[in-house]
Each structure stands twice: as structure tokens, then as C-alpha cells.
Amino acid sequence: MPFGTKERRELRNLLRQFRAAHTWSVLPSGTGKALEAWVMMRMAGAASAHGWTVRIHGGDGNPLPSGADFLFRTQPGPIKEASIAAVGYIALTAPTITPASSQMGTTASASDTFELHGGIQWRGRSGARHECDISLLPADIGIAIRGTTGGGYPRGLPIVAIECKDKSSDAPPDEMRQTLARLFDLACIQQSWDGAPHRIFDEAGVAGWGGRVPQYRPFFAAGQFAIVRASGFGLGASQVGHHYNIARHSDVYQRPTSLSMRDLLGRFTQILDVLT
């Protein structure tokens, strides 16, 4: 089942919810990119419903003016130097007071902000660049990259990385192998070749976040790594994904409610709880 009118209408409603332009003309034209935009905006909606402050930002790093176009990425690429012409992102800021912090008498700091990006490339340990259809990174990393002349690529293992496949046939094993190979190259389970000690960092070494985990499977289990599909998964793809903690979300266009999407959004809010 391809990306349909109901999903496009829902995508428009989510853009309206976050005060961005929401005419039919601003939506991605291809079904693959439309699926990515729909999943990303559904994740933003789930974060907002979970108590997080969600705002769409332009490529200059500032909140998007009400009614302005949110530029969805049409081609994979880096986070560009701050510019109003650059592709934007969704800023997620943790609630001021979380259940755990209120018990300790503390509040979340201003640095508890993260960026949800569509279609950016991350640089792996090999030096190769890998596109993540949807990925979550700390705002400190995004700010550092936008402040670098020419922009750049985040490095390390994303907090969240989602692949979207608008295909009618079931996923073959190679599709899962490609996703796994990408994660293997991104994960710094040992100190990286340039000495950076962090889980995620920018190429210039200005900002870093999180620590390394010395084994792949626990590293993948601690985040959210998944493939979202319009159809299903073959046995081989499911076996590889299960072993390496890569979630499979199939038949996401099911109506009235897709259990796969509910699972995806539920896991995303669990990750947000961990971040707070």
C-alpha cells in the first residue's frame, strides 16, 4: 500500500499543529520522502503529547516563523552551516520538571534539548558517510556543526535512527544487513581513530555527548534503531534484526490504527524518558 491521501492529510495536520505552512504544495512529492516526513512528524507529535516542548526550527537554528515553509530534505547530505536557506529540523526540549528530578528537588537544564533530523548523513569510523532517514542527536552537536564554516557531519551512533521503506514487497535479508552494516560503522565501541571519547561528536571536536559501550548488541539495545515499512519483513531480515536489536515495524499504513506505529512511538517516548 503506497503513501496515501489519509497520511498526507495527517502530515498536513501535524505541520499545522506546529504552526508551519501546511498546504499540499509543501509536502514531499515522492512517496519515500513523504513516508519519512510523516514518520518524523508523528514522532514529534508523540513527544509533544508526552510533555516535551516541540518546535520546528529553520536551517539557521532559530524557531521557524509561524506559517513559514518547513523545508523537508530531498537529498541526503550534511548539516549545513547556519542559513535560512538550509534544511531545518525539529527541536525537542525536555519537560521543566520530570518525575525523577522533582523527587530530587532539581529541574531539567536548558541543555536538555535534542534535534530530530530527516535525511542527514553521519560519518562512520571508516570515513564513509551514511544516510539516516530519521535521526536524533543532542542540540549541542547540531549547534557546533551549524557554527562551523561549511557545516559538517555528526559522528558516532545516533540516539535514534529510523529507516523508512515505502515498498510493497517484504524486506529481504540484505535490507537488514545494510542497516546493520551502517550501525556497525557508526558505533564507537572503542576509542575512535581521532581520539574522541564520546558516543556522538562533531568532526571539529567542539562538542561531544555520551559515552561508548564496549559491545555492539547492548549499544544498539540502549537506543532506538528500526526499519519502518509499508509492507512486511522476510524471515531472514527478521532474524537478523531480532538478534541485533533492530526493531521491525511493518504495515504502518494499516487503518484505523497501526500497532506497528504505536510500538514505534511508544519506544520513542521511552527513549525520551531515559534522556531526562
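Mentor: Trp-38 counts as buried because its relative accessibility is 1%, where buried means under 20% relative accessible area, exposed over 50% and partly exposed in between, with a 1.4 Å probe and protein chains only. This is a predicted model, so local features need pLDDT of at least 70 and side-chain atom pairs count only at pLDDT 80 or more, while totals for chains, interfaces and linings use all residues. Residues are numbered from 1 along each chain as its sequence is written, and side-chain values use heavy atoms, with hydrogens and water left out.

Trainee: Which residue forms an aromatic pair with Trp-38?
Mentor: Tyr-253 does, and the pair is tilted, at 5.7 Å centre to centre and 55° between the planes. Rings of Phe, Tyr and Trp (its six-membered ring) pair if their centres lie within 6.5 Å; planes under 30 degrees apart count as stacked, over 60 as edge-to-face and the rest as tilted.

Trainee: And where do Trp-38 and Tyr-253 lie?
Mentor: Trp-38 is in helix α2, and Tyr-253 is in the loop between β10 (247–249) and α8 (259–275), so the pair ties together parts that are 215 residues apart in sequence. Helices (H or I, at least four residues) and strands (E, at least two) are DSSP runs, numbered from the N terminus.

Trainee: Is Tyr-253 buried or exposed?
Mentor: Buried, with a relative accessible area of 2%.

Trainee: What about Phe-184 and Phe-220, how are they paired?
Mentor: That pair is edge-to-face, with 5.9 Å from centre to centre and 75° between the planes. It links distant parts of the chain: Phe-184 sits in helix α5 (residues 173–186) and Phe-220 in helix α6 (residues 216–221), 36 residues apart. Phe-184 is partly exposed at 24% relative accessible area, whereas Phe-220 is buried at 0%.

Trainee: How many aromatic pairs are there in the whole structure?
Mentor: A search finds 11. Ring pairs also link Phe-184, Tyr-216, Phe-220, Phe-225 and Tyr-244 into a cluster.

Trainee: Which residue lies over the face of Phe-233?
Mentor: Arg-229, at 5.8 Å from the ring centre. A charge sits over a ring if NZ of Lys or CZ of Arg is within 6 Å of the ring centre and within 35 degrees of the ring normal.

Trainee: Changing topic. How many cavities of 30 Å³ or more are there?
Mentor: Three. On a 1 Å grid over the protein atoms alone, a cavity is a set of points where a 1.4 Å probe fits but cannot get out, and a pocket is an open set with protein on both sides within 12 Å along at least five of seven lines; lining residues have an atom within 4 Å of a point. Grid points are joined across faces, edges and corners, and a volume is the space filled by probe spheres set on the points.

Trainee: What lines the largest cavity?
Mentor: The largest cavity holds about 110 Å³ of space. Its lining has 16 residues, and Met-40, Phe-72, Arg-73, Gly-118 and Gly-119 lie nearest its centre. Helix α2 gives the most to that lining, with four residues. By class, the lining has nine nonpolar, three polar and four charged residues. Ala, Val, Leu, Ile, Met, Phe, Trp, Tyr, Cys and Pro count as nonpolar, Asp, Glu, Lys and Arg as charged, and the others, Gly among them, as polar.

Trainee: And the second largest cavity, how much space lies in it?
Mentor: About 90 Å³. Its lining includes Gly-59, Arg-73, Tyr-89 and Arg-146, and divides into five nonpolar, three polar and three charged residues.

Trainee: What volume does the largest pocket have?
Mentor: About 170 Å³. It is lined by 13 residues, with Phe-225, Asn-245, Ile-246, Ala-247 and Arg-267 closest to its centre. β10 gives the most to this lining, with three residues. The classes are five nonpolar, six polar and two charged.
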